[in-house]
Amino acid sequence: MKDIRTIAMYLPQFHCIPENDAWWGKGFTEWSTVKAAKPLYESHGQPRIPLNQNYYNLLEKETMLWQAELMHQYGIDGLCFYHYYFKNGKKILEKPAENLLCWKDVNIPFCFCWDSASWARTWSNVGGNSWADTFEKKEKRQGPGLLLEQRYGRREDWERHFEYLLSFFKDERYIKVNGAPVFIVYSPKSIYCFETMILCWRELAVEHGFPDLHIIGVNLDYKIKGVDAILFHAPHMFWKLRRDREKNNVTIFEYAEVWDNIIKTPPVKGCTTYFESPVDYDDTPRKGQKNGIVMQNFDIDKFYDYLKLLYEKSLSLDNEFIFINAWNEWGEGMHLEPDEKNGYKYLETVKRAKTDAMNTYLWPDIDYEVISDSVKYDFLYKSYEKNRKIYSCLNRWMYLRENGIHLSAYLCSLGVSTVAIYGMGILGKHLLNEFEDGLIEIKYLIDKNTRLQFKDYNLVAPDGELEETDAIIVTAVSDLDFIFRKLDGKTNAKLIGIEEIIYES
């Protein structure tokens, strides 16, 4: 039986940065929320206090040496740092990982999880809620509340992002599968260019001597192109939000109920599926009373029993990893680091659960057979994914129109004034109407169905002679890379997907 590696999620929030000073107040870190926490109902276990009141600073080398020692003492095989990389290469909370790269004597195996969404204030209507109202600067509530905007850009942006990651990938401590660096992406379905971007990164990885990348997508319920594996993020994927479970406006879940869902959930068909163990959960220090969620009735014995089962389940699936949420999410009540109440018991439990699972492994007779994709399943998946992408495009497009943003502006920013439209389905027809303002000149249309007729526009087949234009806009939302490869060499025009235009506008 092969070993299974235990990876704990790691929050690099425990140090001061100018952005947090500006947004939430001078000196704000994750510890600010932890120290300010209060019990909101009887038996509510707040505040949580680190053992010996160790409110550490992640920029101090002694802190990371201490964490490394704890990891190796209690059998934690690596830490997965949250990676925050935004529009135009803007990074935040990157210093702990960059310091680790320099401190070669700090023995922390690590990898990255890219949290790729925009950051917004709690009151914002653009999503990304994180912090309780207590920490907001009310006088600055202007505009949409967007703190850091996410844009994925084009190939040059992806290459620049990869170049930043490369020095980490090359580090001998970086976690790999058969030589391929592990990179986790949160909610990849929300990244319109995910498949194309990951293909670019895989090519760059091979150019730099790696066999490939090992890409893990978080919270997918089916396999999508570009991912090698799926991670079920816990506890968030395993509860159902019901407001009838409340104590003093705090939503309550039973610890055992959430864990039962984790143990019973089968893997995704046709895809390696990693499972994640929550230690505990209480996000009231971050979310406050109104939006807070708590898992109640945690105890160490339950944590051991369920974690041992999850190790056994992961062993039965021949998985490379098991993930734990988290090493240090103190503001959400998920931490392995010792606290005043339980001391080192969280870490002791992880070590004991893994050891016992490896020594006594006999998985119960539950059918978790991983079935390879059939032709029918593959067809249904492709149809669903195509329709989901079209809906998302139209939804975003409507938002842009409602806010007076025209797609032609993005093309003009790229120096494009003449285009051909490739694909005259739903999106192609709407795009044709969008460009009636005359800012973008449509030279001709491209579609394999040459029997289609459009007044005032010439229609040619993809394999026909293509007149030169500044750009060809491809409206297909699936097989985009195949179409780009097919057009490459036939034209000098920029090749631009409609999703890029819609989501970058």
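Of the contacts in the chain between residues at least 6 apart in sequence, 73% join residues at least 24 apart. The model shown in each view is predicted.

View 1. Of the 505 residues in the chain, 56% are buried. The accessible surface amounts to about 22,700 Å², and carbon and sulfur atoms account for 49% of that area.

**View 2. Helix 5 (residues 155-169) packs with helix 6 (residues 194-207) at an angle of about 50°.** The axes of the two helices lie 10 Å apart. At this angle, helix 5 and helix 6 are therefore oblique to each other, and helix 5 passes helix 6 in a right-handed crossing. Helix 5 contributes Arg 155, Trp 158, Glu 159, His 161, Phe 162 and Leu 165 to the contact, where they meet Thr 196, Met 197, Cys 200, Trp 201, Glu 203, Leu 204 and Ala 205 of helix 6. By class, eight residues of this contact are nonpolar, two are polar and three are charged.

**View 3. Helix 7 (residues 255-264) and helix 9 (residues 300-316) have axes that come within 10 Å.** The axes cross at roughly 10°; because angles under 35 degrees count as roughly parallel, helix 7 and helix 9 are described as roughly parallel to each other. On helix 7, the contact is made by Tyr 255, Ala 256, Trp 259, Asp 260, Ile 262, Ile 263 and Lys 264. On helix 9, Lys 302, Phe 303, Tyr 306, Leu 307, Leu 309, Leu 310 and Lys 313 take part. The residues of this contact comprise 10 nonpolar and four charged, with no polar ones.

Notes: Residues numbered from 1 in each chain as written. Predicted model: local features only at pLDDT ≥ 70, side-chain atom pairs only at ≥ 80, totals over all residues. Heavy atoms only, no water. Axes fitted to C-alpha atoms, helices over the stretch in contact; angles between N-to-C directions. Helix = DSSP H or I, 4+ residues; strand = E, 2+ residues; numbered from the N terminus. Parallel < 35°, antiparallel > 145°, perpendicular 65-115°, else oblique. Contact = heavy atoms within 4.5 Å. Nonpolar A, V, L, I, M, F, W, Y, C, P; charged D, E, K, R; others polar. Buried < 20%, exposed > 50% of the residue type's maximum accessible area, 1.4 Å probe, protein only. Areas by Shrake-Rupley, 256 points an atom, 1.4 Å probe, with all protein chains shown as cover. Left-handed = near helix turned anticlockwise from the far one by under 90°.
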